[in-house]
Amino acid sequence: MPVPMNPERRAALVKGASRAKIKALVNLTACTGCEVCIAVCPVPSCIEKFGEDPTSFGVYVNYDICIGCQLCVKDCPWDTIRMVPTPSVAGHQTSLDSQPNHEHAVFSRPELVPEEIRAFEGKPHFDNHQVKDLFQKQNPQVPNIMGPK
Ligand code: SF4
Ligand code: SF4
């Protein structure tokens, strides 16, 4: 479980992150849950993990405190994270809200993530061509991963 953050520290992080022009988006389809991104992210609790069994491995990024530094993208061993323009994920609380499909186990088992970030529950998947294109480039071996545009 994430360690609760000092409110002043969190407020400072949110202020800094509000200026970020890009945010990190994890492709859950390919994430192995290895936690390398969590280890390299300089912002505490920015990336969090859900699921400890192979059917529900995955992490999500908290967009309110992601400062767009790109360290996670550079170090992910599975090339599973992309930076996307902040406006393309506007209104999304976490990268779970920005998944172009809901095929991952977390969408049928929302209890895997904290209740306060289950904004994805009952919502259709995120339909944004700009983000879909990024995901498609990320997974060229799976040509139909995002479905038709
Ligand atoms: S480093 Fe990449 S594969 Fe590993 S948990 Fe993070 S996003 Fe997933
Ligand atoms: S871009 Fe930087 S702050 Fe955002 S999730 Fe990745 S490592 Fe953390």
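Student: Where is the place of glutamine 70?
Tutor: Glutamine 70 is in the loop between S3 and helix H3 (71-75); helices (H or I, at least four residues) and strands (E, at least two) are DSSP runs, numbered from the N terminus. This is a predicted model, where local features need pLDDT of at least 70, side-chain atom pairs count only at pLDDT 80 or more, and totals for chains, interfaces and linings use all residues. Residues are numbered from 1 along each chain as its sequence is written, with chains lettered from A and ligands numbered from 1 in the order in which they are written.

Student: What is the phi of glutamine 70?
Tutor: Near 75°, a positive value in a residue other than glycine. Most residues other than glycine have a negative phi.

Student: And why does glutamine 70 count as partly exposed?
Tutor: Because glutamine 70 has 13 C-beta neighbours inside 10 Å. With C-beta atoms placed from the backbone, a residue is buried if 20 or more others lie within 10 Å of its own, exposed if 12 or fewer, and partly exposed in between.

Student: Switching topic, which residues come nearest to ligand 2?
Tutor: Ala24, Cys41, Cys66, Cys69 and Cys72, out of 13 residues around ligand 2. Near means that the C-beta atom, placed from the backbone, lies within 6 Å.

Student: What does valine 61 touch?
Tutor: Leaving out residues up to four places away in sequence, valine 61 touches Lys23, Ala24, Val26, Cys46, Ile47, Cys66, Thr94 and Ser95. Contact here requires C-beta atoms, placed from the backbone, within 7 Å.

Student: Back to phi, what about serine 45?
Tutor: Serine 45 is not a glycine, yet has a positive phi of about 65°. Serine 45 sits in the loop between helix H2 (36-40) and S2.

How values were computed:
Two residues are in contact if their C-beta atoms, placed from the backbone, lie within 7 Å.
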